[in-house]
Every structure is written in C-alpha cells, then in structure tokens.
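Take the fold piece by piece.

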Amino acid sequence: MSTLTEKFASFLTGSGRIATIDAAKAAPPPSPLAPIDLTDHTQVAAVMDLAARIGDILLSSGTSNSDTKAQIHAVTSAYGLHYCHVDITMNTITIFTTIGQNRKTPVNVFRVVRKMTMDFSKLSEVDRLIRSIQAGATPPEVAERILDELAAAPAQYGTWTSIMGWGLMGGAVAVMLGGGWLVAATAFGTSSLIMAMNTWLGRKQLPTFFQNVFGGIVATLPAAVIYSLAAELGVRITPSQIIASGIIVLLAGLTLVQSLQDGITGAPVTASARFFETMLFTGAIVAGVGIGISLTAMMGISLPPLETSPPPNFTSSSVRVFSGAVAAAGFAIACFAEWSSVVISALTALAGSAFYYFALLPFGVGPVVAASVAAVVIGLAGGLLARRFLIPPLITAIAGITPFLPGLAVYRGMYASMHEQMLVGFTNIALALAIACGLAAGVVLGEWVARRLRRPPTLNLYRYFRQSRRLTFQQIDRRKRKIPRS
C-alpha cells in the first residue's frame with residue numbers, strides 16, 4: 001500500500017519537478033561570476049527594469065503580491081543582483097538597490113501595471129522565461145528581446161475562439177444548474193454575446209464598471225425573450241438558469257482570489273483595494289441585472305417568480321461533474337491558455353466537482369462549507385497537477401473554481417429585492433458573498449498545501465549579502481579615519 005501511495009504521489013508531483021514560484025521562494029545559489037557589472041549604474045538599472053517588466057506580466061495576470069515579489073527577486077538574483085528591495089502596491093512596482101563600495105549610489109526602477117488582463121498564454125511564456133533565467137541559460141539582453149517579442153506577439157489564438165470559450169463555459173454552467181439542451185444553447189449564445197460586446201466596449205476604452213452593467217442587462221433580456229417564446233410554444237424552461245450562467249461568466253474575470261491571497265500573505269493595502277474593486281464590479285453586475293429585470297417588465301414579459309429555496313435539480317450528478325470540467329476548460333480557453341493548461345484545468349475542476357457532488361452534497365453539507373471544501377480540493381489537486389506538468393498553478397486555481405461561482409444566488413437576491421422581498425434578497429446576496437469568499441480562501445489553502453508537499457529545500461537568504469549593502473555611520477567614520485575593518 002505504501003508503495004502505491006508513493007508512486008501516486010510521485011506521479012502528481014513529478015520527479016524533481018517544482019513550480020517556478022517554489023524555486024523562486026527557495027533562495028537560489030549565489031552566482032560565482034556576476035553576468036553584469038554591479039558597479040555600472042546602467043547595467044544594474046537595465047536588470048531591474050527587466051525584472052519589473054516580468055513582474056508587470058505576472059501581476060496583470062492575477063499573481064499575488066508575494067509571489068510576484070519572489071519571482072522578481074529570483075530574476076535579479078540570477079543576474080548577480082542579490083540585494084534589492086521590491087515593493088508592490090496595487091498596480092505599482094518599485095525596485096530599489098544601491099551600488100558601489102566606497103560611495104553608495106541608489107538605483108530605483110518604478111513601473112505601473114496599466115491594465116489587468118486574463119491572458120494565460122503570456123503568463124505561461126513568462127513562467128518558462130523565469131525558469132530559463134534561473135537556470136543561467138538566458139543572458140539579460142536575450143531576456144529583454146524575448147519580452148519585446150512577447151509584448152508584440154498576438155494571443156495564443158483568435159478573439160472569436162476566446163469568445164466561444166466563454167460561450168462553452170456559460171452553456172456548461174447552465175447544465176450544472178439543471179438546464180436542458182435549450183437552456184444550455186441559450187446560455188451559450190447569451191454568454192458569447194456578453195463577452196463579444198464587452199470585448200468591443202473594451203477596445204473603445206469603456207470602463208469595466210459600465211461593461212459589467214451592460215453585461216448584466218444582456219444576461220437578463222435574452223433569457224426573458226426565450227422564456228416568453230417557449231411559453232407560447234408550450235415548452236417549459238427556467239430563465240434563472242440562463243441568467244445565472246451569464247452572471248457567472250461575468251464574475252469569472254474578477255480578481256477575488258488575488259485579493260484574498262494578498263490579504264492572507266501580508267499585503268493588506270493591495271488586498272483591500274482589490275477587494276473593493278471586486279465588490280464594485282460585482283455591484284455593477286447586480287445593477288445590470290436589475291435594469292434588465294425592469295426592462296423585461298416594460299416589454300410586457302414577466303419572469304416567473306422564484307421560490308424561497310432553489311428548486312430541485314434532477315440532472316444526474318455525473319452530468320454535473322462533467323459539466324464542471326467543461327466549464328473550467330471553457331474558461332481556460334477564454335483566457336487564451338495553452339491547450340495543456342486547458343486539459344489540466346478541466347481535470348482540476350473534475351476533481352473538485354466530483355468531491356462536491358459525490359462526497360459533500362449527499363451528506364447534507366451546506367453550500368458555503370461545501371464550496372469552501374471543494375475549493376481546497378481544487379487548490380490541492382490543481383497545485384499538484386500544475387507542478388507535475390510545469391504550468392503556473394494560478395491557472396488551475398482560478399479556472400477550477402469558476403463552475404462554483406454563485407451566479408444563481410446573485411440573481412435570486414436581485415430579483416427578490418426588486419419584488420419587495422428584502423429579507424430574501426439580502427440573504428441571497430450575503431450567501432453569494434460568503435460562497436465567493438469561501439471559494440477564494442479554500443483554493444488559496446489548497447495551493448498552500450500543494451506547495452508544502454512539493455517544497456524545495458530552502459537555502460540561506462543572503463544575510464551577508466544584505467549586510468554588505470548596508471552603509472552605517474560607523475563605516476563612514478572608519479573610512480574617513482582610514483581605519484581597517486576588524
């Protein structure tokens with residue numbers, strides 16, 4: 001039994017395979033010969049700017065502050081710059097160091113992350129670049145050229161493929177919520193329309209807040225029209241499943257996981273700012289749904305009343321588990337992930353969905369606790385699989401929890417509030433917030449466990465390098481009096 005367990009653990013973690021962030025947080029060995037002149041202000045600043053550009057891509061892709069700092073330190077250390085201070089606040093990166101022996105000269109690099117994106121293909125490319133830099137295989141000028149090419153390169157595949165990924169995610173989520181083929185097809189079309197419209201509005205530089213408002217409206221109107229047409233034909237569908245899938249598609253791009261991870265890992269200022277941003281954009285989605293409900297009433301279409309508790313879902317658990325995997329794969333495609341990352345994300349969501357529907361719900365576990373525990377499984381399984389196949393663990397973590405986002409609770413809360421059921425509305429909104437926070441916290445915990453299971457040996461954190469960079473008044477006095485150091 002122990003042999004089988006060891007073989008299974010070896011398959012998940014990979015023999016000698018560790019994630020880039022794990023290698024970065026274990027201090028790399030000092031370079032015997034620095035590849036740059038550490039007394040040359042220009043070369044030192046160029047290396048720091050190179051590291052800041054890498055940090056820009058990491059941060060804009062959703063990497064937490066602590067992980068971004070560790071990988072920036074890994075890049076500078078690999079080029080011989082063992083001591084530098086890195087500070088990240090929200091969307092700004094500051095790197096500071098001093099050069100020279102007798103006369104300490106400060107060097108600063110400052111960079112602003114101008115836009116948050118969900119382009120996982122660039123994240124994977126940068127992950128490979130950091131590995132190559134740490135291995136000593138990429139000189140600074142080559143790394144700079146790679147970053148230039150990466151900035152100019154198009155996405156992994158076309159925009160319409162990404163939009164179809166969003167549609168695939170929306171249709172799969174509708175099936176998870178109990179919808180049939182008509183509901184799934186409508187959800188596919190609605191989700192595709194939402195993200196196509198948001199892509200166009202984004203190119204026109206409309207703020208994300210208003211994009212989410214329009215997305216909430218589009219999530220509601222087609223569902224109401226299809227519901228009305230189906231009722232005339234004698235076909236019964238549940239529009240709440242279509243609307244909820246559209247809401248989940250909009251929620252999937254938010255940075256809730258990153259904000260909670262920043263708060264847990266010691267960056268409260270950035271965490272609070274990102275959490276406020278997430279709540280603001282979520283409020284925009286809720287407002288859009290509310291406007292959509294009002295517009296359907298003006299059009300003479302009345303949505304069916306919602307029960308105080310969700311209706312029974314007669315879709316088999318196996319279908320819902322499979323739909324969860326498809327939804328995660330659709331989200332990974334929508335974020336331009338490489339196909340290997342798409343497959344791993346689907347397997348991660350499959351593990352979490354199976355645990356959720358086969359182990360938690362049959363025993364009557366509440367929705368908040370069940371979602372949180374499933375997120376821990378997703379973070380653990382995704383972290384181990386990501387390390388086994390050398391892809392950034394962030395991709396599997398974010399993609400894995402998307403099927404469990406509380407879109408239905410958000411819609412139920414908005415609908416109840418607009419129909420003078422304030423208690424039911426507030427309860428559902430609070431439930432949605434609790435589930436979202438539980439998902440984010442659970443996936444962070446699962447990833448932490450995976451990191452500890454595959455933790456590389458840690459080395460000395462350059463205490464003597466840091467001490468040598470300090471300049472004290474005692475050192476100045478010795479130099480003035482030309483007294484040798486003891």
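**The sheet and its helices**

H3 lies across E1, E2 and E3, and runs at about 25° to E3. Helices (H or I, at least four residues) and strands (E, at least two) are DSSP runs, numbered from the N terminus. Axes are lines fitted to C-alpha atoms, for helices over the stretch in contact, and angles run from 0 to 180 degrees between N-to-C directions. Contact means heavy atoms within 4.5 Å. Helix H4 (residues 65-78) also packs on the sheet, where it touches E1 and E2. The direction of H4 makes about 150° with that of E1.

This is a predicted model: local features need pLDDT of at least 70, side-chain atom pairs count only at pLDDT 80 or more, and totals for chains, interfaces and linings use all residues. Residues are numbered from 1 along each chain as its sequence is written, and side-chain values use heavy atoms, with hydrogens and water left out.

Now the sheet itself. It is open, has three strands in the order E1-E2-E3, and pairs antiparallel. Two strands pair if DSSP finds at least two bridges between them. Strand E1 (85-89) and strand E3 (105-112) stand at the edges with a single partner strand each, so one side of each has no neighbour in the sheet. On average, neighbouring strands of this sheet are turned by 15° against each other, direction ignored. Strands of a sheet pair through backbone hydrogen bonds, either parallel or antiparallel.

Follow the pairing strand by strand. E1 and E2 are joined in the antiparallel sense over five bridges. Thr89 stands opposite Thr92 in E2. E1 and E2 form a hairpin, with two residues between them. Strand E2 (residues 92-99) is joined to E3 by eight bridges, again antiparallel. Ile93 has Arg111 as its bridge partner in E3. Phe96 stands opposite Asn108 in E3.

**Where helix meets strand**

Which residues does Asp56 touch, not counting residues up to four places away in sequence? They are Ile93, Arg111, Val112 and Val113. Ile93 and Arg111 are bridge partners, and Asp56 itself sits in helix H3 (residues 41-60). Is Asp56 buried or exposed? Asp56 counts as buried because its relative accessibility is 13%. Buried means under 20% relative accessible area, exposed over 50%, and partly exposed in between (1.4 Å probe, protein chains only).

Ser64 lies in the loop between H3 and H4. Its relative accessibility is 1%, so Ser64 counts as buried. Leaving aside neighbours within four places in sequence, Ser64 is in contact with Gln258, Gln261 and Asp262.

**Positive phi angles**

Two loops deserve a look at the backbone. Met90 is in the loop between E1 and E2. Its phi is positive, about 55°, although Met90 is not a glycine. Met90 counts as partly exposed because its relative accessibility is 23%. Leu390 is placed in the loop between helix H15 (367-388) and helix H16 (393-401). Phi of Leu390 is near 55°, a positive value in a residue other than glycine. At 33% relative accessibility, Leu390 counts as partly exposed.

**Helix H5**

Helix H5 (residues 120-134) has 15 residues. From its first C-alpha to its last it reaches 21 Å, close to the 21 Å expected at 1.5 Å a residue. That expected span is 1.5 Å times one less than the number of residues. The buried residues of H5 include Phe120, Leu123, Val126, Leu129, Ile130 and Ile133. Ser121, Ser124 and Asp127 are also among them. Gly136 follows H5, and its phi is positive, near 80°.

**Cysteines and totals**

How many disulfides does a search of the whole structure find? It finds zero. A disulfide is a pair of cysteine sulfur atoms within 2.5 Å. Cys84 counts as buried at 5% relative accessibility. Cys335 counts as buried at 0%.

Now step back to the protein. It has 20 helices and three strands. Of its 486 residues, 50% count as buried. Among contacts with a separation of 6 or more, 76% join residues 24 or more positions apart. The accessible surface comes to about 22,500 Å², and 65% of it belongs to carbon and sulfur atoms. Accessible areas come from the Shrake-Rupley method with a 1.4 Å probe; for residues, only the protein chains shown count as cover.
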